[in-house]
Amino acid sequence: MPEDVFVPKVEVRGPERRRKLIEATVRLLIRDGVAGVNHRSVSAEAGLPISATTYYFSNLDALLTATFRALFEAFILDPANRSRAAEESMDDRIENVVSAFFDTVPARSESYRILYELQLAASRRADWRGHSSIYWEGLVQRVENSLRVSSDTARAVMALFDGYIVSFLSTGFVPPRDQFRSLIAAIVHSDGVAEVAGHASPAVEIRAAQG
């Protein structure tokens with residue numbers, strides 16, 4: 001795998017060998033996709049005997065499920081997704097969200113590709129949907145805290161992200177930064193909870209006056 005490919009740092013509880021197997025599966029997923037994962041390829045990537053994979057994971061499905069959970073948690077905990085200082089103006093907070101797209105998505109395209117592949121796989125797997133939901137809700141919470149908007153507005157921002165990320169992964173298209181920022185700002189300005197440019201929105205001011 002090229003050295004410049006971002007591999008999320010997964011946190012795995014339990015024996016060292018189990019951690020190595022999950023880390024190896026993450027690398028294989030990013031490099032070869034779900035189709036490239038089997039007991040033999042994972043054991044070879046981890047530098048462990050194939051018996052280790054069957055010892056810690058009864059079948060391939062159990063290994064993929066454990067890796068799926070660890071990978072989603074790693075993306076949520078990634079420092080690139082952390083909220084910025086609360087005292088920043090709304091313009092600054094919007095710019096931080098825009099930078100999160102342009103600074104991480106193109107540079108980490110392989111990681112995002114497997115992330116979306118796993119989310120699509122979860123649409124067919126009821127036992128995986130819980131992990132996918134935890135990941136989605138975690139990112140929504142990050143956006144909500146970063147922009148100080150309602151959860152509905154945060155979901156709208158995430159939907160915009162998702163659309164452009166899929167477009168980038170499938171076509172290589174990257175939207176003009178100013179256009180992307182304008183779309184984020186339009187979503188935020190429609191929120192009845194957000195503070196815009198350092199001032200409460202009209203809806204917030206009305207509620208405050210009524211109080």
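**View 1. Helix α8 in the predicted model spans residues 151-171.** In this predicted model, helix α8 has 21 residues and runs 30 Å from its first C-alpha to its last, close to the 30 Å expected at 1.5 Å a residue.

**View 2. Several residues of α8 are buried.** Look along the helix for Thr 153, Ala 154, Val 157, Met 158, Leu 160, Phe 161, Asp 162, Tyr 164, Ile 165, Phe 168 and Leu 169, which are buried. What covers them? The cover includes helices α5 (90-104), α6 (109-122), α7 (126-147) and α9 (177-189). Two of the buried α8 residues, Phe 161 and Tyr 164, also belong to an aromatic cluster, together with Phe 101, Phe 102, Phe 173 and Phe 180.

**View 3. Ala 159 is a residue of helix α8.** Is Ala 159 buried or partly exposed? Ala 159 counts as partly exposed, because its relative accessibility is 45%. Now find Val 140: its C-alpha is separated from that of Ala 159 by 9.9 Å, and the two residues are 19 apart along the chain.

**View 4. Ser 146 sits in helix α7.** With a relative accessible area of 15%, Ser 146 is buried, as buried means under 20%. Follow the side chain of Ser 146 to the backbone oxygen of Arg 142, which it reaches at 2.8 Å.

**View 5. Tyr 55 and Tyr 56 form an edge-to-face pair, one of nine aromatic pairs counted in the model.** The ring centres of Tyr 55 and Tyr 56 are 4.8 Å apart, with 90° between the planes. Tyr 55 is exposed, with a relative accessible area of 66%, while Tyr 56, at 26%, counts as partly exposed.

**View 6. Phe 68 and Trp 128 form a stacked aromatic pair.** Their rings lie 4.6 Å centre to centre, with 20° between the planes. Phe 68 lies in helix α4 (residues 60-77) and Trp 128 in helix α7, so the pair ties together parts that are 60 residues apart in sequence. Phe 68 counts as buried at 0% relative accessibility, and Trp 128 is buried too, with a relative accessible area of 3%.

**View 7. Residues 38-57 carry the annotation "DNA-binding region" in an unreviewed UniProt entry.** This label comes from the UniProt record. In the model, the span is 75% helix and 0% strand, and its end C-alpha atoms lie 12 Å apart.

Note on methods:
Residues are numbered from 1 along each chain as its sequence is written. This is a predicted model: local features need pLDDT of at least 70, side-chain atom pairs count only at pLDDT 80 or more; totals for chains, interfaces and linings use all residues. Side-chain values use heavy atoms; hydrogens and water are left out. Helices (H or I, at least four residues) and strands (E, at least two) are DSSP runs, numbered from the N terminus. The expected span of a helix is 1.5 Å times one less than its number of residues. Buried means under 20% relative accessible area, exposed over 50%, partly exposed in between (1.4 Å probe, protein chains only). Contact means heavy atoms within 4.5 Å. UniProt positions are given in the numbering used here, feature names are shortened, and annotations may be inferred rather than shown by experiment. A polar contact is a pair of N or O atoms within 3.5 Å; within protein, one must be able to donate a hydrogen and the other to accept it, and residues adjacent in sequence count only if both atoms are side-chain atoms. Rings of Phe, Tyr and Trp (its six-membered ring) pair if their centres lie within 6.5 Å; planes under 30 degrees apart count as stacked, over 60 as edge-to-face and the rest as tilted.
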